[in-house]
Amino acid sequence: MKKEFIITTYSENHIGLTNRITIILTRRQVNIESLTGSESALPGIHKITIVINEEEEKVKNIVKQIDKIVDVLKAFYHTNEEMIYQEIALYKVLTKSLMESDDIEKLIRSHNARILEITPEYTVIEKTGHKEETQDLFQGLNKFGVLQFIRSGRIALTRSPIEKLSEFLKERDELLERVETRRKLRKAN
Amino acid sequence: MTTKEKETRRSQQQDVEITGSEAVIRSLIAEGAEVIFGYPGGAIMPVYDALYDYRNALRHILTRHEQGAVHAAQGYARVTGKVGVCIATSGPGATNLMTGIADAQIDSTPLVCITGQVTSGLLGTDAFQESDVVGLSMPVTKWNFQITTPEDIPEAIAKAFYIAASGRPGPVLLDITKDAQFGKLKYKYAKCHKIRSYVPEYPVNKEKLAEAATLINGAKKPFLVFGQGIMLGEAERELKSFIDKTGIPAAWTLLGLSALNSDHPLNVGMLGMHGNYGPNIKTNECDLLIAVGMRFDDRVTGTLKTYAKQAKIIHIEIDPAEINKNVKTDVALLGDAKKILRLLTHIVSPNKHKEWVKEFKQAMAIEVKKVIHSDVYPTKPGLTMGEVVRRVSEYTKNKAVIVSDVGQHQMATARYSRFTQPRSHITSGGLGTMGFGLPAAIGAKLGEPNREVVVFAGDGGFQMTIQELGTIAQEKLGVKMVILNNHFLGMVRQWQELFFEKRYSFTEILSPDFVKVADAYGIPGNHVTDRDKLDDAIKVMFETEGPYLLEVNIEKDDNVFPMVPAGASVSDILLSPEDAVK
């Protein structure tokens, strides 16, 4: 059964790496629901978060293929339940419709949204939340006409207390040392 | 001191200011490259200019097409176990490499491909002979990288060789802009041994090893299937020790061929679509399947729905992404085949499995009677591919490097050549690239100059890279070419006959007189049509010094059997066309 999965990759910040990751998905006819890239807590290490709708078996294989990319340090996948995640949406409405009644103001209050900018012509509203929540607000606002709408890709954190990347890097270093020592031994034999 | 030694010594000077191009050449020499294949052009000219000063230390083979260069580098890498190197210019030069790179990727062949690129200021402007080579090659390389500054050249080349050869090998492409080739740098070379984002292989898991040993000791009908991973991991001796101790019959994939001597009593033959009868039917009868260094390709497994469902499965594999990709395993042993097989051999109990091995021999007897005898010792008029392949193999005392192209003759070559040493069978497996054979044989001969190198090709595939006769002539390479000419694109014709109601759509192919073509290049050759002339013709071919082309006329209805039809179960293997009708 297909469901939503969040793929997280830690990688070097190299040109073209996003492309290398996404072609693994496109080759398998998997659509990307959202994709976000940013620097991680460790300088120089890039974090990409991808949301896809797929069967878990297929997701496992995809993550192994991503993990195999030389410049990728590590790739993981999680279900929505396993992560804390958020998206951000921006809505532009006519300032006139905001002024005509208090309906829009009520919507903003009840959705915990906020106003970013008001000009005589238009007003920009911001809302963070899960997709259903930002979509809900869109439906509400659209009754009065939404001029422009944009939703960001998903960002997500695991429920573990710290980003285990530094530990991971240390373990990785030890692993590579072991492999290298063995390789040298084998050569010497 | 010879010129070669002088050049080599000069290439080793560190901390000197040189051009990026010279750094490319010096880095290649530092990595132990001795032979490279390529074709010059605008954007790679600075590298060719630098090569001129090192042409004795680094032998360059000018092919007639970039596809020839990359396939030759593949052939060289496959026989030697070293990294194959090829060079091409930007644009069309680079795009012409793609087929070979894709071939090397799917067949895990270590390659470093170097392409010239337009000056960095022109990138993205649709400049003359500009193409997005990094973008184009991304899906078919293990790693690729564009170099735009001369200082990056030595490190990138060191990384390229390390990535290409380590772990599961594969092709790497470096795209070097012309300004990076012209620019100066302070040259210093250090080999790469570690990349923090890349784990070439994992250490062996001792618990899993014990689990595997328990399964092996308890199995009544264990069956080992191996692929090219044995040779890539230099685990031929370990494989032999393991089966000798456990008495487990072993079968090979197309690319695993020659890792185990043909006459080893436990070598039960080839797996897959045109493999042997026993290995295919026994796959679905064994109680334990031990897969080593192979990836369960669909041409090996047939339909996965019925593949070895009754058996426990142990998968010994270096690439984690191959585990559970196609076939679910019970015990996955991740890591180096050499190490894992050695450790396993220590802890498993000795065994014979006499009755079980006998079952394979019985299946082989059936196949000999129904297929092999008439393929190799036919009595009907008209030569068969099987008899030609077997005669050639026997003439070389089964010691030759055998290269094949793609199609019916490829299957006949795999089925009927015999081998006494590893890395002796070179063919395009995963990609099935027609035109691979002739250039790959060039690379193989340069890698193994003291061995006989024979390429079998069909009339179709040979014409796809026929221009490489020029390379053979120019370099005076003693490649023995045997064209098995049935005047058809035989494998497609076979499928049309069996599955498309004999509608022979565009498979009849007109060929030139290949012997005359060879003659135009100054390469001697001969035609054979009659059985009683075959042995003499083969003798003359091998006794003639240098290259030789033998064109053999083959019966057009000499089809390849046995056959597992596409999408069928391995146990539904057909022994003859009559079986197909049934």
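Guide: Start with the contacts of Ala33(B). Leaving out residues up to four places away in sequence, Ala33(B) touches Leu28(B), Leu58(B) and Val85(B). Contact here means that two C-beta atoms, placed from the backbone, lie within 7 Å. Ala33(B) is buried, because 21 other C-beta atoms lie within 10 Å. The cut-offs are these: 20 or more such neighbours within 10 Å is buried, 12 or fewer is exposed, and in between is partly exposed, with C-beta atoms placed from the backbone.

A word on the source. This is a predicted model, where local features need pLDDT of at least 70, side-chain atom pairs count only at pLDDT 80 or more, and totals for chains, interfaces and linings use all residues. Residues are numbered from 1 along each chain as its sequence is written, while chains are lettered from A and ligands numbered from 1 in the order in which they are written.

Where does Ala33(B) sit? Ala33(B) lies in the loop between α2 (20-30) and β2 of chain B. Helices (H or I, at least four residues) and strands (E, at least two) are DSSP runs, numbered from the N terminus. Arg59(B) is 26 residues away along the chain, yet its C-alpha atom is 8.9 Å from that of Ala33(B).

Now follow the chain into β2. Strand β2 (residues 35-38) of chain B pairs with strand β3 (residues 59-62) of chain B, in the parallel sense, over 4 bridges. Pairing requires at least two bridges found by DSSP. Ile36(B) has His60(B) as its bridge partner in β3(B). Between β2(B) and β3(B), the chain passes through helix α3 (residues 45-52) of chain B, and this β-α-β crossover is right-handed. To see that, point the strands away from you: the path from the first strand over the helix to the second runs clockwise.

β2(B) has another partner. Strand β4 (residues 84-88) of chain B pairs with β2(B) in the parallel sense over 2 bridges. Here Phe37(B) has Cys86(B) as its bridge partner in β4(B). In a regular strand, side chains alternate between the two faces of the sheet.

Step back to the whole chain. Chain B has 25 helices and 20 strands. Of its 582 residues, 55% count as buried. Its C-alpha atoms fill a box of roughly 70 × 60 × 50 Å along the principal axes. Take contacts in chain B between residues at least 6 apart in sequence: 78% of them join residues at least 24 apart.

Some loops hold backbone details. Phe561(B) and Pro562(B) are joined by a cis peptide bond, with omega about 0°. Pro562(B) belongs to the loop between β20 (548-553) and α25 (577-581) of chain B. Asp126(B) is not a glycine, yet has a positive phi of about 60°. Asp126(B) counts as exposed, because it has 8 C-beta neighbours inside 10 Å. His487(B) also has a positive phi, near 60°, and is not a glycine. With 16 C-beta neighbours inside 10 Å, His487(B) counts as partly exposed.

Finally, the partner chain. In all, 20 residues of chain B are in contact with 22 residues of chain A. On the chain B side, the residues divide into 12 nonpolar, 3 polar and 5 charged. Ala, Val, Leu, Ile, Met, Phe, Trp, Tyr, Cys and Pro count as nonpolar, Asp, Glu, Lys and Arg as charged, and the others, Gly among them, as polar.
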